[in-house]
Amino acid sequence: MDLTYPPEAEAFRQEVIAWLQANLPSGWGTPQFKLPGDPKQRRAWHVDWHRKMHAAGYVGLTWPKEYGGQGADPVMSMMLNEELTRFEAPQGANALGTRIVGPTIIQFGNEEQKRAHLSKILSGEEMWCLGMSEPGAGSDLASLQTRAVEEGDFFVVNGQKVWTSSAHLANYIYLLVRTDPTAEKHRGISVLLVDMKTPGIVVRPLKQITGESEFNEVFLQDVRVPRSNLLGEKNQGWRVIMGQLGYERSGGSRGMNCQRALEDLVRLARNTYRNGKPASEDPIIRRKLAQLAIEVNIVRLTDYKEMTIQLQGGRPGPETSFGKLFWSELNQRLSSVGVQILGLEGTLSKQSSDVVKNGEYLYAFLRAYGNTIEMGTSEIQRNIIGERVLGLPRG
Amino acid sequence: MFFDLTDEQKAIKKAARDMLEIECPRSYVRAMMDDARGYQPELWKKMADLGWMGLALPERYGGAGLEFLSLTGLIEEMGRFLLPGPFVSTVVGGGLTLAAAGSPVQQESILPKLVRGDLLMTLAVGTDHGRLDAGGVQNSAVRQGDGFVLNGIVRLVPDAQTADIILLAARTSQQHEEGLTLFLVDAKAPGLSVHPQYTTDGRKVANLEFSSVRVPSTAVVGRVDGAWPIIAAAQRRLTLSLCAEAVGGAGMAMEISVEYAKTRVAFGRPIGMFQAIKHKCANMLVQVESGRFLLYYAAWLLQEGASEAPEAVAVAKAWCGDSYTKVASDGIQVHGGIGMTWEHDMHLFLKRAKVIELSSGDSDYHAEHIAKELERRATAISSAR
C-alpha cells in the first residue's frame with residue numbers, strides 16, 4: 001500500500017500546474033468568468049482548448065508513442081486528471097474518442113486501423129461518438145437490429161441508433177451492427193468504424209430534461225462502409241463491446257470530481273443562511289454532508305484501485321461495474337443536496353434574476369438522472385456484479 | 001502508487017484463513033458464547049505459536065515488528081470466522097498501546113509474556129453508551145503517598161473477565177481531556193471486582209468496580225493527566241480493528257447468502273436468478289468492497305502517521321459499522337424463514353455486527369467528526385485565498 005506519487009509524477013504535477021496557470025484564460029475559476037452561452041461558440045472554445053492540450057502533449061499521455069501518444073505511465077495520466085479537475089479545467093473535447101474508442105482500437109484494431117485513427121483521435125481531427133442503443137435495444141443491447149449486409153468489399157448498413165451522445169458534434173461513429181441475424185443474438189454482432197460523412201446518415205438532436213441537447217437519434221439508410229473498417233472479427237463484436245464497456249465504465253478521475261463537488265457544497269452550506277444561521281450549522285445538513293464525504297472517499301479509492309490494476313498490466317473487467325454503479329448513485333445524491341441547501345431558490349432556472357451560480361446546481365441535479373442510465377443502467381450493473389462477480393445464475 | 005495489500009500481507013491473511021477454517025468452525029463460536037472464558041487456551045497457544053500476538057509488536061520483545069496493515073488483514077480474517085476471544089483487547093488495546101506509550105520497564109515486564117500468549121490484557125476506558133468522549137471517564141484516581149487510590153465503575157469493558165492486566169483510564173483532575181491518566185492494574189488487585197454483562201453476540205464484557213484499589217506510581221503509563229492523546233491513538237487502532245472484523249464478517253455473511261441463493265429453489269429455479277435477490281447480493285458486495293477500501297486506506301494512513309488518519313478512521317467506522325449490519329440483515333432476508341432461526345448461523349453475524357456498529361461510536365457520532373473536519377478544511381481553503 002502506497003498512495004504517494006513517485007517523484008517524477010510530482011515533478012510532472014508542477015509542470016502541469018505551471019502550464020494551466022499560463023494557458024487558462026484570465027479570470028478562470030472566478031465567479032466573473034463565463035464560457036460563451038451560445039452552444040456553438042462554447043463548443044468552439046472547447047475544441048480550441050483541446051488543441052492547446054494536445055499541442056502540450058497532454059492528450060493520450062499513456063498511449064503508445066508510435067500512434068501519437070507519450071507512452072507514459074498511467075500514474076502520470078491520473079496526476080494530469082487530478083490537476084485538471086483541481087483547476088476545474090475541461091478534460092478535452094473528444095472524451096468519447098480518447099477515453100473509450102481509442103483504447104478499444106488499441107486493444108482490438110489492426111495495424112492499418114491504428115495508423116488511420118489513433119493520432120487523429122488525439123489531435124481532435126476525428127471526433128467520435130458511439131452508436132450503441134436502439135429504440136428496441138437499450139439494456140438488452142445484444143438484441144440490436146441495425147443490419148449490415150456484406151456486398152463485395154462493403155457492408156451496407158440500415159437501421160437506427162438512439163441516445164447517441166455527441167453524434168451532432170462527431171465526424172466518426174463506432175457502430176454496432178448485426179451481421180448474422182440467424183445466429184444466437186450475442187454471436188451475430190460486429191463493430192464498424194464509420195465516417196459520419198458517408199451518404200445515408202442523418203443525425204437528429206434530442207432535447208434532454210436539462211433543456212440541452214447532448215444526445216441524438218442517428219438514422220442509417222443504405223450506408224456503405226468499406227469492409228476494412230470492421231473492428232475485430234465479423235460476428236465477434238460482443239468481445240469488442242465487452243472490452244469497450246470496461247473502458248467506458250472505469251473511472252479515471254471521478255473521485256476528484258466528486259471531491260470538488262463536495263467542497264463546493266460545504267462552501268454553499270456555509271454561505272446559505274436560514275433563519276439567521278448558516279445551513280452548515282443544521283445537524284441534518286451536517287449529517288448529509290458527512291455521509292457524502294464518506295462515499296466520496298469510496299469513489300476516490302475506487303479510482304486508485306482501478307489505477308493499481310492498470311499499473312499491474314490488467315484491463316478493466318466486470319469489477320468496473322462496481323465503480324460505475326457506486327459513482328452514479330452517489331453523484332445523484334451529491335447533486336440533489338446542492339438544490340436542497342438552496343431550498344426553493346434551488347429550483348430557479350437560468351433566466352431568473354435571483355438564480356444562484358447560473359443555475360449550475362439545478363443543472364447538475366437534472367443531468368445526474370442520466371448517470372444511472374447511461375453506460376448501462378444500475379440494474380444492469382447489479383446483474384453484472386451478481387452474475388459475473390458473485391457467480392449467481394443468469395435470469 | 002499502489003492500492004492493495006503487499007504479497008506478504010496477503011500471505012498472512014491466507015495462512016490465517018487456512019488455520020481458522022479448521023480451528024474456528026461455527027460450532028466453536030457457539031460453544032464459546034456459553035463458555036465463561038469465551039475462548040480455548042489451546043487455540044490461544046496455537047495462535048501465539050504462529051506469531052499472531054506479536055505480529056505488530058517490536059522484535060526486541062519477541063514480535064515480528066510488522067506494520068499495522070498486516071495486523072488489520074489478520075483481524076479481518078478473524079472477523080470472517082467470528083473468532084471469539086480477547087485477541088483485539090490484548091494485542092491492540094493492551095500490547096500496541098503499551099508499545100507506543102509505556103516505559104521500557106513496563107514494556108519489558110509485559111510484552112514478552114503477551115507475545116508468548118501467557119498474558120491477557122484489556123483497555124478500560126469509560127464511555128457514554130459506547131461513544132468516545134473524555135466526559136465518559138468518571139472513575140477516579142487520587143494520589144496518596146507514593147501511589148494512587150482508584151475508585152469508581154467502568155462499564156462494558158471488553159474481555160475484562162479474562163484480562164490479567166487492565167490498562168485503565170481514570171480521572172486525576174477535573175480538566176476534561178487533560179485530566180485523565182492511564183494505569184496498569186493487576187486484575188487480582190484487592191478491591192477490584194468484575195461483574196459480567198452479556199451482550200447479544202456472546203462476547204465477554206464486564207463492568208469493573210474499583211473500591212479503594214491501590215496502585216504504585218510506577219503503574220502510571222505516560223504522564224499524570226497526559227493520557228488523552230494515548231487513549232485517542234489507542235481508540236483509533238481499536239476502532240479500525242472493529243472495522244476489520246466488520247469487513248471480514250460482512251464478507252462471510254455475503255458469501256453464505258450468495259451460496260444459498262445459488263442452491264435454494266423456488267418457483268422452479270434458484271432464487272439467485274430473481275433480480276430481487278440478485279440485486280440484494282450485488283448491494284452486499286458494494287457494501288463489503290467499499291468497507292475494505294476504506295479500512296485499508298485508514299490503516300495505511302495510521303501506520304504512516306499521516307495527519308488525515310483520524311478522519312479516515314471516522315470515515316471507515318461510519319461506513320463499516322453500518323454496512324456489516326446491513327449485509328447481515330439482508331442476509332437474513334435472503335434466507336427467509338431459516339434465516340430467522342437460532343439454528344442457522346446468520347444471526348451470529350447480525351449480532352456481532354450490531355455490537356460493532358454501536359462500539360467505538362456509531363455512524364452518527366463519527367459523521368459529526370467528519371462534518372467538523374469538512375468545515376475546518378473549508379476554513380483553511382478560504383483563508384488561504
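As a predicted model, it supplies local features only where pLDDT is at least 70 and side-chain atom pairs only at pLDDT 80 or more, while totals for chains, interfaces and linings use all residues. Residues are numbered from 1 along each chain as its sequence is written, chains are lettered from A and ligands numbered from 1 in the order in which they are written, and side-chain values use heavy atoms, without hydrogens and water.

View 1. Chain A has eleven helices and ten strands; helices (H or I, at least four residues) and strands (E, at least two) are DSSP runs, numbered from the N terminus. The C-alpha trace spans about 75 × 45 × 45 Å along its principal axes. For 395 residues, a compact globule would have a radius of gyration near 21 Å, and the 22 Å of chain A agrees (taken over C-alpha atoms; the globule rule is 2.2 Å times the number of residues to the power 0.38). Chain A is divided into domain 1 (7-93), domain 2 (128-235) and domain 3 (250-389), with bounds from an automatic or database domain assignment. The centres of domain 1 and domain 3 of chain A, taken over C-alpha atoms, are separated by 22 Å. Their contact (heavy atoms within 4.5 Å) takes eleven residues from domain 1 of chain A and ten residues from domain 3 of chain A.

View 2. Strand β3 of chain A (residues 154-165) contains T164(A). With a relative accessible area of 1%, T164(A) is buried (under 20% relative accessible area; exposed is over 50%, partly exposed in between; 1.4 Å probe, protein chains only). Beyond its neighbours within four places in sequence, the contacts of T164(A) include C129(A), L130(A), G131(A) and I173(A). Further partners of T164(A) are E214(A), F215(A), N216(A) and V218(A).

View 3. Once neighbours within four places in sequence are set aside, L5(B) is in contact with K10(B), K13(B), L69(B) and Y296(B). L5(B) and Y296(B) are 291 residues apart along the chain, yet their C-alpha atoms are separated by 8.0 Å.

**View 4. Helix α7 of chain B.** Helix α7 of chain B comprises 36 residues (residues 228-263), which should span 52 Å at 1.5 Å a residue; the end C-alpha atoms are 52 Å apart, in agreement. The expected span is 1.5 Å times one less than the number of residues. Of the 36 residues of α7(B), 29 are buried, so this helix is largely enclosed by the rest of the structure.

**View 5. Nonpolar cores.** A nonpolar core is a set of buried Ala, Val, Leu, Ile, Met, Phe, Trp, Tyr and Cys residues joined through side-chain atoms within 4.5 Å. The largest nonpolar core has 201 residues, of which Y174(A), L289(A), M47(B), L71(B), F87(B) and L240(B) touch the most other members. The greatest contribution to this core, 19 residues, comes from α7(B). Apart from it lies another core of 22 residues, among them V157(B), L168(B), A170(B) and A189(B). Leaving aside neighbours within four places in sequence, L71(B) is in contact with L55(B), A56(B), F87(B), V91(B), V92(B) and L96(B).
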